[in-house]
Structure formats: C-alpha cells, structure tokens
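Subject: Model handover

Hi,

Here is the model we discussed. Please look it over before reading my notes.

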Amino acid sequence: MATSSAALLFNIHKHILVIYPKASFNPRAVRRICTSGSQCDRQPQLKVKSAPQQLVGVVGLEIHAQIHSNTKLFSGSPVRFSSPPNSLVSFFDASVPGTLPVLNRRCVEAAVMTGLVLNCTINRKSLFDRKHYFYADLPAGYQITQQRRPIAVDGILTYSHLRGQKRSQVLKKTVHIKQIQLEQDSGKSLHDDHRSQTLIDLNRAGVGLMELVMEPDMSCGEEAAAAVRELQLILQALGTCQGNMSEGQLRVDANVSVHRPGEPLGIRTEVKNINSIRYLARAIDYEIQRQIDVLWRGGTVQNETRAYDSKSGETIPMRDKEGLQDYRFMPEPNLPPLIVYEDNTSLPTGIEACQAVVVEQIREGLPELPSVKRDRLVQTYAILPEHSFTLVNEDGLVEYFEAVVRETKKEPRKVIGWVTNELLGHLKQQDLSVSQSPISPPALAELLELQESGHISSSAAKQVFQEMWRSSGKTALQIIQEQDLGLVSNTTELHGICQKVVDSHPNEVCAIRNGNKKVLNKLMGLVQKETKGRADPVVVRAILEEKTS
C-alpha cells in the first residue's frame with residue numbers, strides 16, 4: 001500500500017514538472033506529524049478526502065531506577081558514586097565460586113513503597129530468576145532479576161504537563177505500569193579508543209535496581225518526558241531513588257513505533273540508555289519522524305536497537321533485534337521465594353515485624369506526593385498551577401517559599417514572583433541549589449516586609465536583593481540605610497522633581513493632554529531615575545497626573 005501510494009505521487013510529480021519545470025515536490029508539505037511540544041494535540045492543516053489517516057507515534061518506556069541504599073542488592077558492598085575503580089567489590093560481586101546472595105531488605109521495601117504510590121498490585125510472593133547473557137562487565141554470565149513473577153504489577157502513573165503559548169494549561173494523562181521488578185545492575189565498561197582496549201569497573205556490579213515497564217500509552221517525546229519527570233519526583237519524594245540522571249541513577253530505554261490509529265502497532269525500535277529528560281524528548285521525536293520518513297519512502301522499519309547522539313540530535317543504529325536472543329531464563333536456585341506480608345496479623349508465628357517486609361507499615365509511612373503537593377499549594381496559597389510546578393520541580397523550593405510566606409504579611413501571589421523569578425533566576429545563573437542560596441527565607445521575608453510597609457519601592461527592593469546576594473552577611477535594613485534607598489517621604493521634594501521632568505518634556509506632556517495616557521509611564525520612569533528608584537510609584541503617578549491634566 002505504501003509503495004503504490006509513493007509511486008502514484010511520483011508519477012503526479014513528473015507530470016507537474018513537465019507543465020511547471022521549476023515546481024518542486026516536498027512530501028512533508030502534505031502530511032504533518034505531532035512529535036513535540038504543542039504539536040501533540042494539533043490537528044493536521046491539510047485534509048484530503050482520499051488521503052490515508054496520518055501516522056502517529058506510539059511510545060513505551062523501560063526505566064531502570066537505582067535504589068537508594070547503603071549496600072548492594074545481594075552483598076554488603078557499599079554503594080557510592082565516583083569511587084576509585086573496583087574499590088567497592090565483594091567476592092559475590094566478582095562472582096567468586098562458592099559465594100551466595102543475601103537479599104537486601106531495604107531494596108525490597110523501596111520496591112514495595114514505589115509500587116504502592118504507583119497503584120500497583122503488590123505480589124505477596126515473587127520469584128527471582130537468572131537471565132543469562134555474556135558481557136565482560138557481568139562476571140557471573142547472568143543477571144539475577146524477576147522475569148516470571150515480579151514484586152509489583154498493574155499500576156498507573158498519572159502525570160501532568162503544561163500546554164498553551166504561555167504554558168499555563170495543565171493537561172493530565174495516565175500511563176499504565178506493567179510491572180516493577182528487582183534486579184542487579186551490571187558493571188561498567190570503559191572504552192579506551194586511544195589504546196584500543198576496554199577496562200572493566202565492577203563498582204556498579206550488583207547495585208540494586210528497580211526496572212519499571214511502562215505500557216505504550218504515550219504518543220510523543222513531550223508526554224514521555226513529562227511521565228519520566230513525574231516518576232523522578234515521586235522517587236525522590238519517597239527516597240527510593242535519588243534520580244540523578246547524570247550519575248546513571250535513572251536510565252531510560254524508549255520503545256518507539258508508528259501506526260495509523262485503529263491499525264495494529266508498527267515495528268518498534270528501542271532507543272537505549274537515555275540519561276537526560278530533555279534528550280529523551282528529542283530522541284523520541286526524532287525517531288518517530290525517522291520512522292514516518294522511512295515508511296513514506298516505501299521502506300520498512302527495522303526491529304533494532306538504536307542510540308541517541310546528543311550532538312547530532314539523531315538516533316543511530318547499534319544492533320538489530322531480528323534474531324530473538326535466548327536469555328535461558330531459569331529459577332535462581334540460591335534464593336527462596338520473596339514473601340511480603342499485608343499486616344502484622346498475617347505474620348507467621350515466631351516472626352516479628354522488624355524481621356519482615358509489612359505492606360501496611362510501609363503504606364502508613366508514605367510522604368506527600370508531588371501531585372498532592374501541587375494541588376495543596378494552589379488551594380492554600382491561590383497561586384497559579386504553573387507556579388506550583390516550578391516550586392515542586394526544584395528540590396527544597398516549596399519549603400523555602402512556605403517559610404517566606406509564614407514570616408511576611410505579603411500576599412503569597414506576590415511572594416511567588418520573588419521566589420520563582422529573582423531567587424530561582426540567581427540560583428540558575430550560578431548553578432546553585434536552593435540549600436546553597438546566600439539569602440535565607442527570613443532574610444527575604446524581611447526585605448518583602450520593608451517593601452510591603454512602604455519603606456522602599458519595588459525597584460529599590462530589587463537593588464537591595466542584588467546587594468544581599470553579593471553580601472550575604474548584611475540585612476536588608478542595613479543595606480537600605482547604608483545606600484539611602486528608603487522612599488522619598490518629602491512630598492515637596494517629589495513635587496519639585498516631577499515639575500522639573502514635566503517642564504523639560506513638553507512634547508510628552510502635550511501627548512498626554514491629547515489623550516495618550518501611556519506616555520505618562522515614560523515620565524514616571526524619568527522621575528524614578530532622578531530619585532534612584534526611591535519614589536513611591538503611586539504618589540508619583542498622582543502628582544504627574546495632576547501636573548499634566
């Protein structure tokens with residue numbers, strides 16, 4: 001069908017060239033595909049009655065989240081990033097014969113906790129399996145995983161993303177979680193191209209992972225990125241995974257295909273090991289467009305594994321998947337079935353709660369989730385939904401904002417501007433976290449109180465903020481006194497400055513008297529310049545209106 005359609009269009013193109021030799025045919029002009037941002041829900045601009053339904057993307061995800069624990073999944077080796085190579089390797093991690101796995105209870109609790117907040121069914125009995133494959137960084141020649149019966153199944157992740165030109169529309173969507181399984185991480189291969197050799201670091205070998213398999217419920221890179229970001233925030237709130245993608249604590253494989261709605265799913269490709277949410281969106285959007293282009297030309301999408309090249313913005317082939325790999329799954333003989341209990345009453349005789357994983361205890365200790373926190377912020381402080389996203393997305397920013405609100409009489413809707421624009425802007429510029437801010441919540445609250453009580457103007461307040469950022473030891477009041485930034489309270493002095501500005505700008509005064517009231521803002525700016533931002537804008541406007549009427 002695709003080949004005959006392409007041939008027909010090619011013949012039409014030849015006839016057009018005969019009549020109009022300079023005409024050129026661009027196949028992109030007769031189709032549109034949503035692959036990013038606001039395009040996800042945009043309708044095609046060109047409709048032809050006989051044209052087939054447009055191709056759309058289908059995206060599923062496999063996410064490997066490194067469990068935040070002190071030791072590895074089956075050994076007592078510590079878990080630390082950037083340690084010297086092969087310095088955190090036990091005999092079991094190195095697969096020395098005769099060593100046996102000992103399951104880390106903390107990793108099991110983390111998986112159960114994650115499953116609960118994702119509305120999964122927690123299997124009271126789950127099993128471990130060996131998955132055989134041979135890499136240099138996998139000493140045993142197999143990975144211990146949960147292929148037959150994972151610890152959690154059938155969940156739902158609800159995520160939100162912002163739409164519209166001003167990113168002010170909140171759209172909620174859901175993606176189904178097929179399963180969450182516990183498994184070991186492999187070691188790391190370090191390729192030295194200069195010396196043509198590969199070095200092996202086993203520090204990561206045996207670190208506990210949760211693999212979360214998301215069903216193909218997404219259609220573009222923006223949706224996948226929003227889902228992963230929401231999951232990242234959830235894991236960080238739970239403390240089950242630190243979610244630092246640059247350190248490999250959260251790695252994403254994207255399964256991408258295209259099809260026409262109502263028809264079977266197309267052949268999928270897998271884009272491996274994406275370690276950035278921004279790159280995830282770009283990789284998926286590129287891959288969807290690439291597959292559409294292949295089909296448009298009459299080709300066939302290959303079932304293959306691809307990698308994303310962030311420099312070129314393209315996915316590149318790694319290996320084909322046409323030959324089904326035989327992992328030779330088998331039950332792990334050295335680990336009994338993993339049993340978790342619903343509550344204390346279901347514990348066997350002789351087993352205490354501290355010796356078992358009890359689901360009810362874990363459920364009672366669940367923290368406030370990001371979605372609940374966003375809703376609470378909007379309801380409690382009457383801020384915009386997009387501001388709640390900004391607060392929740394930055395670690396520690398919600399606590400900072402609420403601390404400022406508690407210590408000032410300024411409306412939360414005004415405080416949010418200072419926190420998300422001034423404070424966050426300075427933090428981003430200097431690549432600092434909220435906890436590293438040189439201005440504490442009480443210090444910012446003091447500044448806002450001085451502005452609210454009429455001691456300084458809004459422009460002067462920003463000057464004080466800048467000085468507080470540079471001189472973290474000084475209070476807002478000290479800076480105001482040292483630099484004489486307090487509001488000009490002498491109305492006679494203000495009248496004189498305003499009269500001087502009016503007299504030196506007769507054209508502007510004439511325009512105002514002819515009905516162009518916007519010019520008044522220019523005169524206000526000149527007065528503020530004369531007073532170095534120390535004049536009350538309300539008073540200045542009233543004086544100028546009187547003198548230009």
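This is a predicted model: local features need pLDDT of at least 70, side-chain atom pairs count only at pLDDT 80 or more; totals for chains, interfaces and linings use all residues.

Residues are numbered from 1 along each chain as its sequence is written, and side-chain values use heavy atoms, with hydrogens and water left out.

Strand 11 covers residues 250-259. Helices (H or I, at least four residues) and strands (E, at least two) are DSSP runs, numbered from the N terminus. Buried means under 20% relative accessible area, with a 1.4 Å probe and protein chains only. One side carries Leu250, Val252, Ala254, Val256 and Val258; the other carries Arg251, Asp253, Asn255, Ser257 and His259.

Strand 11 pairs antiparallel with strand 1 (residues 56-66) over 10 bridges. Pairing takes at least two DSSP bridges between two strands. Glu62 stands opposite Asp253. Strand 12 (residues 269-274) also runs antiparallel to strand 11, joined by four bridges. There, Ala254 stands opposite Val271.

Helix 3 (residues 221-238) has 18 residues. Of these, 15 are buried. Gly239 follows helix 3, with a positive phi near 80 degrees.

Ser388 sits in helix 7 (residues 385-393). Ser388 is buried, at 2% relative accessible area. Leaving aside neighbours within four places in sequence, Ser388 contacts (heavy atoms within 4.5 Å) Arg374, Leu377, Val378 and Ile383.

Best wishes

Technical notes
Buried means under 20% relative accessible area, exposed over 50%, partly exposed in between (1.4 Å probe, protein chains only). The expected span of a helix is 1.5 Å times one less than its number of residues.
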